[in-house]
Amino acid sequence: MSRLAQRDKLIEKLRREHLKLDTKVSLLEGQKFLTAAEVAEVKRLKKLKLEEQGGLCPICSMKLPESYNVLDRLQAVDGYTPENTRLICNECDKKVQRERRYA
Ligand SMILES: [Zn+2]
């Protein structure tokens, strides 16, 4: 098995374990632990959303920069789908993450 496949397998195992835990904040909800297929999908969605949103952040209405934008999931558990995501700027992401933590 390739290293990448092993990594994906581990991520899926951690997710299953995580589902059993009742924690509000999880590392797995961040973007650090994505399977290779998800990384590719996030990349595709970012491009799609940028076009759909006319290059603007839907929260602050500022023009999104070339990089450091965040593909935000409206419901983390629903994953990276076109319906469940929006592309937001880094600053708005920080605010959104803070609000979610205290919600
Ligand atoms: Zn913004």
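What pLDDT does the protein average, and what share of the residues score at least 70? I started here, since this is a predicted model. The average pLDDT is 85, and 84% of the residues reach at least 70.

**Confidence, element by element**

I then looked up where confidence sits among the helices and strands. Strand E2 has the highest, with a mean of 97, while helix H1, residues 3-20, has the lowest, with a mean of 83.

Next I checked residues 24-28. Their pLDDT stays under 50, and the model has eight contacts for them beyond four places in sequence.

**Helix H2 and what comes just after**

I looked at H2, which runs over 36-52. This helix has 17 residues. From its first C-alpha to its last I get 24 Å, close to the 24 Å expected at 1.5 Å a residue. Just after H2 comes Gly54, with a positive phi of about 60 degrees.

Is Ser61 buried or exposed? Ser61 counts as exposed because it has 9 C-beta neighbours inside 10 Å, and the cut-off for exposed is 12 or fewer. Its phi is near 65 degrees, a positive value in a residue other than glycine.

Tyr68 also has a phi near 65 degrees, and it too is a residue other than glycine with a positive value. I looked up its surroundings as well: Tyr68 counts as exposed, because its C-beta neighbours inside 10 Å come to 10.

For Pro65 I find 11 C-beta neighbours inside 10 Å, so this residue counts as exposed. I also checked Pro65 against Gly55: the two are ten residues apart along the chain, and their C-alpha atoms are separated by 8.4 Å.

**The loop between E1 and E2**

My last stop was Thr81, in the loop that joins strand E1 (70-73) to strand E2 (85-88). Why is Thr81 exposed? Thr81 has 12 other C-beta atoms within 10 Å, and a residue with 12 or fewer is exposed, so Thr81 qualifies.

I then looked from Thr81 to Leu45. They are 36 residues apart along the chain, and 7.8 Å separates their C-alpha atoms.

Key: Residues numbered from 1 in each chain as written. Predicted model: local features only at pLDDT ≥ 70, side-chain atom pairs only at ≥ 80, totals over all residues. Helix = DSSP H or I, 4+ residues; strand = E, 2+ residues; numbered from the N terminus. Buried ≥ 20, exposed ≤ 12 C-beta atoms within 10 Å, placed from the backbone. pLDDT = per-residue confidence, 0-100. Contact = placed C-beta atoms within 7 Å. Expected span 1.5 Å × (residues − 1).
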